[in-house]
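Please open the structure in your viewer and keep the selection panel at hand, as this tour goes from one stop to the next.

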Amino acid sequence: MTAAIAIDGLEVIFDRFRALKGVSLEVRSGESFGLVGESGSGKSTLLRAIAGLAPVASGSITVNGKKLGPRRDKAFYREVQMVFQDPYGSLHPRQTVDRLLQEPLAIHGFADGEKRIQRALDEVGLGSGFRFRYSHQLSGGQRQRVAIARALILEPSILLLDEPTSALDASVQAEVLNLLEEVRRRRKLTFLMVSHDLAIVTHMCERLMVMQGGEAVENLTAAQLVAHRVTEDYTRNLLRASEGFVRTA
Amino acid sequence: MSGGPNQQRSMSALLDVDDLRVTFPTRSGLIEAVRGVSFSLGRERLGIVGESGSGKSQTGRAIMGLTPPQARISANKLAFDGIDLLAVSPRERRALRGKRIAMILQDPKYSLDPVMSIGRQIVETLRTHEKVGKAEARDRALAMLEAVQIRDPARVFDLHPHEVSGGMGQRAMIAMMLIAGPEMMIADEPTSALDVTVQLDVLGILDRLVSERGMGLIFISHDLRLVSSFCDRVIVMYAGKVVEQLKASELGRAQHPYTRGLLNCMPRIGFERHPLPVLDRKPEWAA
Amino acid sequence: MSAETIQSRRDWLLSERPASRMQARLGRAYVAWRRFSANRLAFLGLLIIIALLVVAALAGVLAPYSPTFGDLKGSRLLAPGAEHWFGTDDLGRDILSRILYGSRWTLYVVILVAIIAAPIGLLVGTVAGYAGGWTDAILMRITDIFLAFPKLILALAFVAALGPGIENAVLAIAITSWPPYARIARAETLTVRNSDYIKAVQLMGASPFRIVLRHIMPLCISSLIIRVTLDMAGIILTAAGLGFLGLGAQPPLPEWGTMIASGRRFVLDQWWVAGAPGFAILIVSLGFNLLGDGLRDALDPRSGDQ
């Protein structure tokens, strides 16, 4: 099976700060892969480097067999799309949902925009009643659904998810996670998902990589994690933390 | 969840809240953020859990007297240690705040003064509430920093808030809030901005200090699981009302469908459920 | 229209789930309008500006006398009275008529300056802000050069070079008034360019040109409109100043500034000759200022929610 995303020795340097220190990774086509770590671990930077939003100092990124240069072309964005963490910041404040969804179609010259927008809204469970609302007329969960619809409307094969539910309430999080699983199954998407929450990553992903301080700590399968078969202390710490507070007295 | 040693819990209530209401006037009419909340707090750890818009934070703010001025607060009773909080003068209220009641907010970045060193902020807090000399205040501040497990208190004392990490900032915040020896503390999402591993350290510190000093703690959070592992008792809020009050240890036997839904919908390691159960919100919950 | 239809129209406008592009847009405009019209002073400013527009359009009908030909024999420097409400000037022309016709020139100057200066400022500011680096440095240094000179002095220099006349005055004022707009647009651009919603458009594969034009400019426009409206008074005063110095509109054009200039010789004895156009400038400037303040409250992007 070919790799959807192959990353080799990736370094990202902001000014003089090394955010990623030679990380390698392979995500198989159709797989859901998780990146786990705390703030400053470089997990989001890795995602942004793939999307072309972070300065790559060295190393290579290959997407669907094509090696990426410093600039991404339009064809790349039809393969790879991203959903951001903050649903309040990722939608333009002066545009209706309709306008937000039309933009990618206009950029890529799709003719059947009307139909696609309808379909995209239906797919994320919003329906046409939401089509002409501004983002301030939507709740956090609805905004994130719009962001997902926007990412899907170009029919990409790879979706980059940057903590897509961390700003949402638990009950809304469940709905959005279910939606993501459903679209992945239906469209046979490849997911690369970033989260600080081990439980979410084990729920969503088959394999995962634990990161710390810009480096990979450990590669695991979800099953290994569930069985607590981890080798690194750091991963064990994260696992313990995910089980809630334990009083030591 | 654990059965730690039972705290010396006095039965007289530290805080009494009866039918608390907080209303905000807006362009489109009145919005009731809190709609008749009643509970009492002893020297225990009480968790208030709810999702955004449930009124949990506004409840905490109303007790602290930090509600925005345009809002209206009413209650049959809002008393701290027998003092009617709605009747006292703003001055007395300020004196209570910090001295006897303390509050920790989510992000230390916004609640610490950015241009004053951490040590000085703690010293100032102490000296506004107690008559102590400079040298003594400094010693007590250093001791307090040590109590929140800051390894090198003398160094951190001279640092400014932007020079420390989020976890360190939150510890400094706790130190500042506890220096005057309050009897009650309100912690509004105190660890939500922190990394998970740091989160547990901070909670551990908070837990130890609260039980050592026999304080009453109100822990406000969206995370039902975290709250139930930390608190003795949990209040679940929905749409400005209390839908359920129960002992943390009996969370598994929660009655209200909202509480159960909230517990169920979070993914857990080792419990595969695809799709996750979602909340089916009933209008009568908010009624 | 019955109360019910009004109510149902209002509901339609304020609907949380608009059914068409049109309804969404109208609803947004209606909310801004409600916020604006709740402000009495702003409403007064709007009324003044509307009155100015009406007067300019109907000057030919409203003016009792010709603005350029006077009765030199019988009516020089008459005090305000029943015949001539605002009196007459040294050439026997009716001042009221001249002020009414003069409103056309005031509007002409204000509108042309706004149409020329605001887009230049918007373009320079957004491009500089979004591109950053060298582009930003060069564009902003040019802006700084323009800002380094007092506006009137610079305008004077331009008019001196271009030759006196109202068109050249407009050009000179426009050239000197875009730099502040560029500053504002750049500042707004800097605050939004790193936001996730701009990142999201980049990830759609949009060209920088498209991002600036369709996503950043609309966000800068409301603060620009506010600033331009507040500057209108200054523009009128600069135009009047140029006219006063003999570099703007040339006699016998009834431009307000020129009128003050020609009235200054009699300002102590026949105060109305300079006083009436001065008062007109005051009223219109006030109108624009009040309108600008109201717009700031109504269009403020930070109060996007209702």
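Buried area is the accessible area (1.4 Å probe) that two parts lose on being put together, summed over both. This is a predicted model, in which local features need pLDDT of at least 70 and side-chain atom pairs count only at pLDDT 80 or more, while totals for chains, interfaces and linings use all residues. Residues are numbered from 1 along each chain as its sequence is written, chains are lettered from A and ligands numbered from 1 in the order in which they are written, and side-chain values use heavy atoms, with hydrogens and water left out.

**First stop: chains A and B**

Select chain B together with chain A: the area buried between them is about 2,600 Å², and carbon and sulfur atoms give 60% of that area. On the chain B side, the residues that lose the most area to chain A are B:V196, B:P267 and B:I269, which together make up 23% of what that side buries. If contact is taken as heavy atoms within 4.5 Å, 33 residues of chain B are in contact with 30 residues of chain A.

How many residue pairs are in polar contact between chain B and chain A? There are eight, with both residues at pLDDT 80 or more, where a polar contact is a pair of N or O atoms within 3.5 Å; within protein, one atom must be able to donate a hydrogen and the other to accept it, and residues adjacent in sequence count only if both atoms are side-chain atoms.

Now colour α8 (196-212) and α9 (224-230) of chain B, the elements that give two or more residues to the side touching chain A; helices here are DSSP runs of H or I with at least four residues, strands are runs of E with at least two, and both are numbered from the N terminus. The most is given by α8(B), with seven residues.

**Second stop: A:T96**

Next, select A:T96, which sits in the loop between β6 (80-83) and α3 (97-107) of chain A. Is this residue buried or exposed? A:T96 is buried, because its relative accessible area is 8%, and buried means under 20%, exposed over 50% and partly exposed in between (1.4 Å probe, protein chains only). Leaving out residues up to four places away in sequence, A:T96 touches A:R131, A:F132, A:R133, A:Y134 and, in chain C, C:A24.
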